Amino acid sequence: MLTEITELTADTAATDTAAAPRGSHRAAGGVVTVLVPAHNESAGITETLTSLNNQTRRPDRIIVVADNCTDDTETLALAQGVEVMRTVGNKDKKAGALNFALSELLPDADPEDLVLVQDADSQLALDFIENATKNLLTDELLGAVGGVFSGGPGGGFVGHLQRNEYARYARDVKRLHGKCLVVTGTAALFRVKTLRDVVAARLEGTLPPGNGKGGVYDTSVLTEDNELSFALLTLGYRIASPSNCTLVTEVMPTWRELWAQRLRWKRGAVENCVQYGWTKITRPYWGRQFLSMIGVIVTLAYFGSIIFALTTGMGLNLHPFWIAVTGIFVLERIVTVRFRGWRYMLLAATMYETVIDIFLQAVHAKAYLDAALNRKKVW
């Protein structure tokens, strides 16, 4: 939790720069404020802020929430003419930094004003804010509009696999007309009054208490965006990721980093389900967890049977039924990656992506085991 109040800007000169008009406007939907939590994000913060400054609907305020930065993130942010809010003593990572910024922002904001929370390693499409605002304003019960992300460059083979994975996710969201299970933390737009409803519900006990002080984000969980999605749905709001709200986010450059990221995501999702229990809101999420566990068991049984057959000299026998089942899987791999073009579709037919499927199954198994044994959480 935050132990000290932070400085609002890095220095007075920076404050003057930040407070000066930037050519933005107050249009329907109220003031749009962007919060960019950043911890040592010097590698990408300039590109991220450039994408914000070039929006077709420019945000009225952009605040980089510099959280325990030891690099030149703040300097680079100030050079882009945005505000910097520096945390001091924050031990609750991204959620703690955002809670602090929102505690400063929400009390003086108009209920109809909008807040966009965006990761510092993601770049919005230039019409993201315009489209997200339109979507939010057309539905009073829409609690949040999230982004549909694609993978950025780099990362070699593991990066390539993640870009395929994200392309499949984008296809799923488009086919469901923006219906999503989670408003991703990479970028999400909220009304101020919606966030205030979350704060009130946490203080009243309608929602899990989070940090116990009325923070919007629950600092006790590994996946604060997943938990906030549960919170909004529990309060009767809807969530969506429209296909015209796109952004590019970084991919994990190594298998080790991908393992850590996905282990956090998976365990966080499992524990969010436990946190909210068995309700009409969480039943679909429990269903997905159940199917994931079945997938882990089937994968173990499949490869276990192959190893057994080969090591005992029984050999492999091909049956038409299982050949047909395999054909369906191959077709699924081909069709679902069509957003990336025909070359990727042809490549997918070789089933070379099985390596990441097995990898993710192993992550799932580890996450379930860690959650069941209540092992120490690692961010």
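Q: What makes R340 a charge over the face of Y344?
A: In this predicted model, R340 lies over the ring face of Y344, at 4.0 Å from the ring centre. The distance cut-off is within 6 Å, so 4.0 Å meets it.

Q: How many aromatic pairs does a search of the whole structure find?
A: The search finds nine aromatic pairs.

Q: Why is the pair of F149 and Y169 called stacked?
A: The ring centres are 5.1 Å apart and the planes stand at 20°. Centres must lie within 6.5 Å, and planes under 30 degrees apart count as stacked, so the label holds.

Q: Which parts does the pair of F149 and Y169 tie together?
A: F149 lies in strand β7 (residues 148–151). Y169 lies in helix α6 (residues 156–175). The pair therefore joins parts that are 20 residues apart in sequence. Ring pairs also link F149, Y166 and Y169 into a cluster.

Q: Are F149 and Y169 buried or partly exposed, and how do you know?
A: F149 has 11% relative accessibility; buried means under 20%, so F149 counts as buried. Y169 has 25%, between the limits of 20% and 50%, so Y169 counts as partly exposed.

Q: What makes the pair of W259 and F359 edge-to-face?
A: The centres are 5.6 Å apart, with 75° between the planes.

Q: Where do W259 and F359 lie?
A: W259 lies in helix α9 (residues 255–276) and F359 in helix α13 (residues 354–373). The pair ties together parts that are 100 residues apart in sequence. W259, at 29% relative accessibility, counts as partly exposed. F359, at 15%, counts as buried.

Q: Which residues form a nonpolar patch on the surface?
A: F290, L291, M293, I294, I297 and V298 form the patch. Together they have about 580 Å² of accessible area. V298 is placed in helix α10 (residues 283–311). Its relative accessible area is 49%; exposed means over 50%, so V298 is partly exposed.

Q: How do you know that C180 is in no disulfide?
A: The nearest cysteine sulfur, that of C245, is 11 Å away. A disulfide needs sulfur atoms within 2.5 Å, so C180 has no partner. C180 counts as buried, at 12% relative accessibility. A search of the whole structure finds zero disulfides.

Q: How many salt bridges does a search of the whole structure find?
A: The search finds 16 salt bridges.

Q: Why is the contact of R86 and E74 called a salt bridge?
A: The closest N and O atoms are 2.9 Å apart. The limit is within 4 Å, so the pair qualifies. R86 lies in strand β3 (residues 83–87) and E74 in helix α3 (residues 73–79), so the bridge ties together parts that are twelve residues apart in sequence. E74 is buried, with a relative accessible area of 14%.

Q: What makes K94 and D119 a salt bridge?
A: Their closest N and O atoms are 2.6 Å apart. That is within 4 Å, so the bridge counts. K94 is buried, and so is D119. K94, D119 and E224 are linked in a network of salt bridges.

Q: Why do R171 and D172 count as a salt bridge?
A: The N to O distance is 3.9 Å. The limit is within 4 Å, so the pair counts. R171 is buried at 12% relative accessible area, whereas D172 is partly exposed at 36%.

Technical notes
Residues numbered from 1 in each chain as written. Predicted model: local features only at pLDDT ≥ 70, side-chain atom pairs only at ≥ 80, totals over all residues. Heavy atoms only, no water. Phe/Tyr/Trp six-rings, centres within 6.5 Å; stacked < 30°, edge-to-face > 60°. Helix = DSSP H or I, 4+ residues; strand = E, 2+ residues; numbered from the N terminus. Buried < 20%, exposed > 50% of the residue type's maximum accessible area, 1.4 Å probe, protein only. Lys NZ or Arg CZ within 6 Å of the ring centre and 35° of its normal. Patch = residues over 30% accessible without salt bridge, like charges linked within 9 Å, V, L, I, M, F, W, Y side chains within 5 Å. Areas by Shrake-Rupley, 256 points an atom, 1.4 Å probe, with all protein chains shown as cover. Salt bridge = Lys/Arg side-chain N within 4 Å of Asp/Glu carboxyl O.
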